[in-house]
Every structure is written in structure tokens, then in C-alpha cells.
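Please find below a short note for a colleague who is new to this entry.

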Amino acid sequence: MSLVLFGCPTVEPGDTSPTEVSPSEETASSTDTSGATGTPTSTDPTSGTGTTETGGDPTTVDPSGEPSATDTSDEPPVEECHLADDNVACDLLVERSGQVPHSPIPLRPPAGWVKQANTPVAEEDCDIYGQDCPEGQKCTALGQNWSSRGCVPVAEYPSKVGEGCWPDDISDNCEAGSICQYDAVKGAFFCRELCGCSEANPTCPENQRCVTYNSGVLPMCERLCDPLDLGSCEAGEVCIKDEWFADFYCKMDVSGETGVFRDECKFANDCDPGYSCEAAELVPGGCPEGAEFCCTPLCILDDPLCPEGSTCIEYFGGFGLEPPQCLEDVGYCAADLMPLVERPALPWSL
């Protein structure tokens, strides 16, 4: 119960007029000792005992009845861990190209999506990172296989990153620094961000990493995720390790009605979020008859929750990789009697 005082006049120094008492306090009294000690005493209505306010910092009563928030200004702030370095500031003097993953999986526009008439305005190659085309043009991937780059006109009303897009006679209607790509989860085309700055020091937004496709022609910003955080990917996606690098990316969840513990899986993204597709000899209790791979739970190394007969094993140990930043605590539930063999890395299904 909160005690709220109504009609309490301000008493000026030297004022000896009587103190007005709130109707709710007609049966209670408090002693003013401010003249003797300089420290006011107030009555706690919940306990019936006096509470002394010290340090000249009286407690503020919230009229809503809610308790006052604790002041934690002296506590050090908790730093959020970022999955990528987030080097969003372009610095042409920084060399980071050795850290850029190169994917062997080609990216192409859908068949027939780009017309043969999409010849570049400029014959020579352009800088897709720095967008060095003349004003009103953009540098983008061209051709039926996105195997070359060139300058093309920017649409009169271009779509921004994350907005829907469509093809035109030359390339697409996305703004400079982005390209139109199909999203299988949403079943529509959206503008995807290209890597910025320079090939030596590619930049992407927060918690994204630059990945190059098509022999380096197409540098895309890919969104990273935490497999232990079920909310780090959108609905219909699952957070899985890349087939060639240690990073985790959001990919389409193809598990359908299956995808939980001991359900058969054939691809890395064939299990529900929170599970990993592993070989039968590694899964606690084994896989269904005839299945070579099935789903096993992911776990936190410092606080594991695994089925009986299994242990939380370091996820990256079987791949011989150093864990990415912020993912050092990722593990998977493995059978206690699993063989000491290197885990196979499954491709994901497109």
C-alpha cells in the first residue's frame, strides 16, 4: 500500500503554523526531528515502524504506487557482444580482405529474369564496393549468371534495402549498393545490400559479414546469427553453420513437420531451430533405422541441458575450427560413447 499526502503546504523557515494532516493519517502521527538532527523521519505504512532517510536524499514516492527503480548508474554497462567486427566506418587504408569468406555456391538471377539486353552502359568493369559509376548510375552484377559487372542507370524511384523489387530492361530497380534477390522464405524479391567501401576493406551493417560469390564478382552482406538464440533468425529460418566457414547464417528451414530430437535429416538446415543435424553414431540413442543423420539438441557448454546418456560437446571441436566471437559457448548433445572421429559437415538445402 502506498501512502500519498494531499494538501501538505510548504513550510517556510520560521513558519510556526500547524501542519495539515492528510485524512488518511488521522489515526497516525509522526515526529518531526528535523530541528534536532537535520534528518527527517517518515512512517512506513506497511510496517508501522519509522524509517530514517539519510544522506539528504529522501525517497521519492511514485503516485502510481509502483516501487522506485533502483539506481544502477554506478554499475558498469553490460557490453553487447557483436557477431561481426561491424567495421561500418570505411577506411581505405585498412586491409581486411584476408578475412572475407569466398563461397563456392554461385548466385544467379532466376532463369529468364534478366533480359539479354542488359548490356552494361560502361564497357569496363566498375567498383561494386565503392560505387564509382557516373551520377545517376550504379555498379551491379550483370548477365544471366551474374558473372560480370558494369554501370547501369538507377531507377527513377529506386527501392531501398529491405524493400520489394522487380527487374527492368537492364537490371533491377534497387538503389545503388544493393541488388534484387529472391527470398525463398517470403516468396518474393527484395533488395539485398552489397558490401561497401573497398575490396580490401569491405564493410557491412551491424552483425553482418561480407561474403563474395561468383568468383568475387558479387560481394553480399550476409546476416550472422547465434544458434542458441532462437530469435536471431526470422520465422521460417534456422541458424546453421556455413559449410566452409565457422560463421552461422540464417537459412531457410526445410524441416517441415519434422526436425526435432532423433528425426531424420539430410541437410544442415533440415532440423528445427535449437537442433543440429549429426551422424547417427553421434546422436544420443542413435537415429531411426536406415537414417544416416538425425537431429540432436544444441546446448550451452557452461549450463548444458542434454538428454540422458549424452554430454554437451564443444560444437567447433569436431570441425577443427576456432569458434567465432560470441559463440564460444555453443555445444551439441553427443552420445557418451560416440566414436572419436571428425564430424562431417553437411551442405544446406537451397
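1. Glu-237 is buried, with a relative accessible area of 11% (buried means under 20% relative accessible area, exposed over 50%, partly exposed in between, with a 1.4 Å probe and protein chains only). The model is predicted: local features need pLDDT of at least 70 and side-chain atom pairs pLDDT 80 or more, while totals for chains, interfaces and linings use all residues. Residues are numbered from 1 along each chain as its sequence is written, and side-chain values use heavy atoms, leaving out hydrogens and water.

2. Glu-237 forms a salt bridge with Arg-223, with 3.0 Å between the closest N and O atoms (a side-chain nitrogen of Lys or Arg within 4 Å of a carboxyl oxygen of Asp or Glu). This pair links strand β11, which holds Glu-237, to strand β10, which holds Arg-223, 14 residues apart (strands are DSSP runs of E, at least two residues, numbered from the N terminus). Arg-223 is partly exposed, at 31% relative accessibility.

3. The structure holds 6 salt bridges. Another of them joins Asp-125 and Arg-149 (3.4 Å, N to O). Asp-125 lies in the loop between β2 and β3 and Arg-149 in strand β4, so the pair ties together parts 24 residues apart in sequence. Arg-149 is buried, at 17% relative accessibility.

4. Asp-247 and Arg-209 also meet in a salt bridge, at 2.7 Å from N to O. Both Asp-247 and Arg-209 are buried.

5. Ser-232 is found in the loop between β10 and β11. Its contacts (heavy atoms within 4.5 Å) include Arg-223 and Cys-250, not counting residues up to four places away in sequence.

Terms used: Helices (H or I, at least four residues) and strands (E, at least two) are DSSP runs, numbered from the N terminus.
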